[in-house]
Amino acid sequence: MNDATRGTGGPGDGTRAVRAGLPEPVKHEPTLPGPVFAAHFHLPGDPTGPYTYGRDENPTWTLLERAIGELEAPGRDDVETLVFASGMAAISAVLFSQLRAGDAVVLPDDGYQALPLARAQLEAYGIEVRTAPTGGDAQLEVLDGAKLLWIETPSNPGLDVCDVRRLAEAAHARGALVAVDNTLATPLGQRPLELGADFAVASGTKQLTGHGDVLLGYVTGRDAEAMAAVRRWRKITGAIPGPMEAWLAHRSIATLQLRVERQNATAMRLAEALRERPEVTGLRYPGLPDDPSHKIASQQMRRYGCVVSFTLPSRERADGFLEALRLVDDATSFGGVRSTAERRGRWGGDAVPEGFVRFSVGAEDPEDLIADVLRALDVTAG
Ligand SMILES: Cc1ncc(COP(=O)(O)O)c(C=O)c1O
């Protein structure tokens, strides 16, 4: 992946990640200034920015927003990034700031499990919601007259992939805006704005921050008017990250390239090991050459993520497997340095078989992790 990491030229991803968003060096000041805890800022006279009130702006967010923008859209000055309290806060900000009663929106029917809740709320506000599965670019069938196309690729938890460039062209030809949930790929795996999207939206709670200790979301967009509405929505709802979370996130981004390289390479090895197991069906990892997502993924992704999905023969087998794992926590979420896995059906929100396991590969030594998985499969075989 070394060439791929260079993307559109300039420094490699590791170099960009460690320096992302840093201010110009100032003698006797730290490299990354600490969190600024402030509800209000000194403001004599006319109330002009940049910093007036802590719900509107904060210097710690500014640096983080710069960092994320540099990774999502390297070399571009025409994009803006806004950080939020969580991924859902960011998603809601785009949906509810862009859509009005009478508008139509296309959502995935196999995306993150809180999307149906957003759907119900949109419908309650008089917005028409159409859905389409992620794979096979099925969104094309329901685009006519839509104001916004929402894509989640790869989808969580099914790991289907759609062709962002093709869908963005079709949506723009019909006057619709396009938002891509980039949570699973991270900006080092996929850059939606370069593929034609208007917004890259993500939960920074996952691999972007990667330690399972921060909730965060962001929106990066290139349409100034649309982003002004997203900013206004953040102000209205107050869905802002705390300065400490924002600072932790920025600090974590310095190791993003190291983490994704390690975790994603191990995910590939785990997928290859699982492919050899007779009790594993429905194995999905977009990096596997024979995965149904691989062709499109290899055209638009630079890395394939740290999540592997598969199905064990029964609910009992999956529960036993998860309990037998020693290096993997049975927990939801994904993207952290410590591997986690869960039987996704336990939530009831995803259309998955009872034995479906979503496995998030961490930064453990690959040999140790794979040995643990194979042992847990063996001890639950009989
Ligand atoms: C693809 C995707 N988008 C958005 C979210 C929501 O993010 P958060 O939990 O930070 O609100 C999640 C959470 O799992 C997710 O998987």
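This is a predicted model: local features need pLDDT of at least 70, side-chain atom pairs count only at pLDDT 80 or more; totals for chains, interfaces and linings use all residues.
Two elements are in contact here when they have heavy atoms within 4.5 Å of each other.

**Stop 1**

Select residues 87-98, which form helix α4. This helix lies across β1, β2, β4, β5, β6 and β7.

**Stop 2: the seven-stranded sheet**

Now show the strands as a set. They belong to an open sheet of seven strands with mixed pairing, in the order β1-β7-β6-β5-β4-β2-β3. Its edges are formed by β1, at residues 80-84, and β3, at residues 128-132, each of which pairs on one side only. From one strand to the next, the twist averages 20°.

Next, select residues 59-72 to bring up helix α3. It lies across β1, β6 and β7, with β6 at 199-203 and β7 at 217-221. The angle between α3 and β1 is about 125°.

**Stop 3**

Show the side chains of K147 and D103. They form a salt bridge in which the closest N and O atoms are 3.7 Å apart. Because K147 sits in the loop between β3 and β4 while D103 sits in the loop between α4 and β2, the pair ties together parts that are 44 residues apart in sequence. Under the rule applied here, the count comes to 33 salt bridges.

Remain in the loop between β3 and β4 and select D137, which is also placed there. Although D137 is not a glycine, its phi is positive, at about 55°.

**Stop 4: two cis peptide bonds**

Most residues other than glycine have a negative phi, and most peptide bonds are trans. Select G49 and P50: the peptide bond joining them is cis, with omega about 10°. P50 lies in the loop between α2 and α3. Then select T153 and P154, where the peptide bond is again cis and omega is near -10°. P154 is found in the loop between β4 and α6.

**Stop 5: where the two domains meet**

Colour residues 2-253 and 257-379 separately; the domain assignment gives these as domain 1 and domain 2. Their centres, taken over C-alpha atoms, are separated by 26 Å. In the contact between them, 41 residues of domain 1 meet 34 residues of domain 2.

The two domains bury about 2800 Å² between them, with 51% of it on carbon and sulfur atoms.

Turn next to the polar links. Between domain 1 and domain 2 the count is 20 residue pairs in polar contact, both residues being at pLDDT 80 or more. The count of salt bridges between the domains is three. For a salt bridge to examine, display D160 and R284, whose closest N and O atoms are 3.0 Å apart.

Highlight α1 (2-6), α2 (13-19), α6 (164-173) and α8 (243-253): each supplies at least two residues of the side of domain 1 that touches domain 2. Helix α2 gives the most to that side, with four residues.

**Stop 6: the five-stranded sheet**

Finally, display the open sheet of five strands, which has the order β8-β9-β12-β11-β10 and mixed pairing. Strands β8 (281-284) and β10 (329-330) are at the edges with a single partner strand each, so one side of each is left without a neighbour in the sheet.

Select residues 340-343 for β11 and 356-360 for β12; these strands run antiparallel and are joined by four bridges. In this pair, E342 stands opposite R358 of β12.

End the tour by selecting residues 315-324, helix α11. This helix lies across β9 (307-311), β10, β11 and β12, and runs at about 160° to β11.

Key. Residues are numbered from 1 along each chain as its sequence is written. Side-chain values use heavy atoms; hydrogens and water are left out. Two strands pair if DSSP finds at least two bridges between them. Axes are lines fitted to C-alpha atoms, for helices over the stretch in contact, and angles run from 0 to 180 degrees between N-to-C directions. Domain bounds come from an automatic or database domain assignment. Buried area is the accessible area (1.4 Å probe) that two parts lose on being put together, summed over both. A salt bridge is a side-chain nitrogen of Lys or Arg within 4 Å of a carboxyl oxygen of Asp or Glu. A polar contact is a pair of N or O atoms within 3.5 Å; within protein, one must be able to donate a hydrogen and the other to accept it, and residues adjacent in sequence count only if both atoms are side-chain atoms.
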